[in-house]
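Subject: Structure handover

Hello,

Here is the structure for you to look over. My notes follow below it.

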Amino acid sequence: MSVKMICSDLDGTLLQYGKKTLEPLIFVQIEALADRGILFCPASGRQYTSLRALFAPVADRCAFLCENGGVLYKEEACIGKTPMPRALAEEIARDLWERSEGEGEVMLSGQNCAYLMERGLGMLDRIKFIGNRYRIIRDPADVPEDIVKVSVYLHEGVGPYVDRFVPRWQQANCAVAGPYWIDTTLANKGTGVRALCTALGIDPAEVLAFGDNYNDTAMLDLVGYPYIMDGAAEPLRARYPRHTPRPEAVLARLLDGTL
């Protein structure tokens with residue numbers, strides 16, 4: 001198996017839902033991979049500040065795919081960004097806010113700051129939990145920088161709102177991003193991985209990736225070695241033949257030459 005980069009989703013993949021910290025083993029594995037010339041890249045809807053803190057022991061040896069591919073970092077520098085057209089981002093944000101029937105809160109993401117339209121339903125606690133930089137705003141027009149992602153947090157779960165928002169905003173790659181989140185962005189994890197590969201001179205066929213949800217499919221469809229988590233929805237398990245309960249198990253096999 002010829003692998004030059006590992007890309008992994010976080011929540012539901014490296015981090016099971018509700019977990020705040022990574023297992024120490026993953027840091028050992030990332031160091032061992034780097035020593036063999038294999039780059040590790042967290043691929044997440046989180047912002048760079050949160051991701052760098054989470055991977056602090058090995059952050060200098062990683063690339064970072066942030067905001068579901070909307071922002072790319074390596075060696076503490078932003079090496080790629082895909083802003084949404086401003087009018088579209090504001091229209092989507094207002095739609096998510098108004099048509100979630102008082103049950104949704106909206107997050108607009110800049111390069112490295114989250115702008116929150118909140119109702120006290122739990123989104124702010126979640127943003128604090130994952131360590132994002134943030135600012136409270138009242139209107140999408142208050143965001144003072146390019147917007148790369150617009151998300152809605154639905155504290156009772158995304159189920160009743162999937163059909164309401166996902167088809168409506170397909171022009172912005174609207175997708176379920178977890179039990180409580182629906183995301184929109186012009187980028188996706190697939191375009192983010194492709195951009196990283198171009199910048200770093202890596203063939204996507206030489207990338208191994210882990211995911212667990214529908215917002216991971218563009219990444220998994222692109223790479224040469226896609227793995228879906230055992231706990232993913234049945235249609236996703238059917239779509240990808242390689243399954244695993246934990247990325248660390250696959251990385252251990254890669255490192256010992258048994259994969």
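Leaving aside neighbours within four places in sequence, which residues is Ile6 in contact with? Ile6 contacts Leu33, Ile38, Leu39, Phe40, Cys41, Leu208, Phe210, Leu251 and Leu254. Please keep in mind that this is a predicted model.

Nonpolar cores

Ile6 belongs to the largest nonpolar core, which has 32 residues. Ile6, Leu22, Leu33, Phe40, Phe55, Phe64 and Leu208 touch the most other members. As background, nonpolar side chains in soluble globular proteins tend to be buried together.

Strand 6

Strand 6 covers residues 104-109. Six of its six residues are buried, so the rest of the structure largely encloses this strand. In a regular strand, side chains alternate between the two faces of the sheet. Here both faces are covered. Gly104, Val106 and Leu108 are buried on one side. Glu105, Met107 and Ser109 are buried on the other.

Strand 6 has these partners. Strand 9 runs antiparallel to strand 6, joined by six bridges. In that pairing, Met107 stands opposite Ser151. Strand 7 (residues 114-117) also pairs with strand 6 in the antiparallel sense, over four bridges. Leu108 stands opposite Tyr115 there. Strands 6 and 7 form a hairpin, with four residues between them.

The largest pocket holds about 400 Å³ of space. It is lined by 26 residues. Asp11, Arg46, Arg126, Ala177 and Trp181 are the closest to its centre. Helix 4 (123-130), strand 9 (149-154) and strand 11 (181-184) each give at least two residues to the lining. By type, the lining has nine nonpolar, nine polar and eight charged residues.

The second largest pocket holds about 260 Å³. Its lining has 16 residues. Nearest its centre lie Asn173, Cys174, Ala175, Tyr214 and Asn215. Strand 10 (175-176) and helix 7 (217-222) are the elements that give two or more residues to this lining.

Best wishes

Technical notes:
Residues are numbered from 1 along each chain as its sequence is written. This is a predicted model: local features need pLDDT of at least 70, side-chain atom pairs count only at pLDDT 80 or more; totals for chains, interfaces and linings use all residues. Side-chain values use heavy atoms; hydrogens and water are left out. A nonpolar core is a set of buried Ala, Val, Leu, Ile, Met, Phe, Trp, Tyr and Cys residues joined through side-chain atoms within 4.5 Å. Buried means under 20% relative accessible area, exposed over 50%, partly exposed in between (1.4 Å probe, protein chains only). Contact means heavy atoms within 4.5 Å. On a 1 Å grid over the protein atoms alone, a cavity is a set of points where a 1.4 Å probe fits but cannot get out, and a pocket is an open set with protein on both sides within 12 Å along at least five of seven lines; lining residues have an atom within 4 Å of a point. Grid points are joined across faces, edges and corners, and a volume is the space filled by probe spheres set on the points. Ala, Val, Leu, Ile, Met, Phe, Trp, Tyr, Cys and Pro count as nonpolar, Asp, Glu, Lys and Arg as charged, and the others, Gly among them, as polar. Two strands pair if DSSP finds at least two bridges between them.
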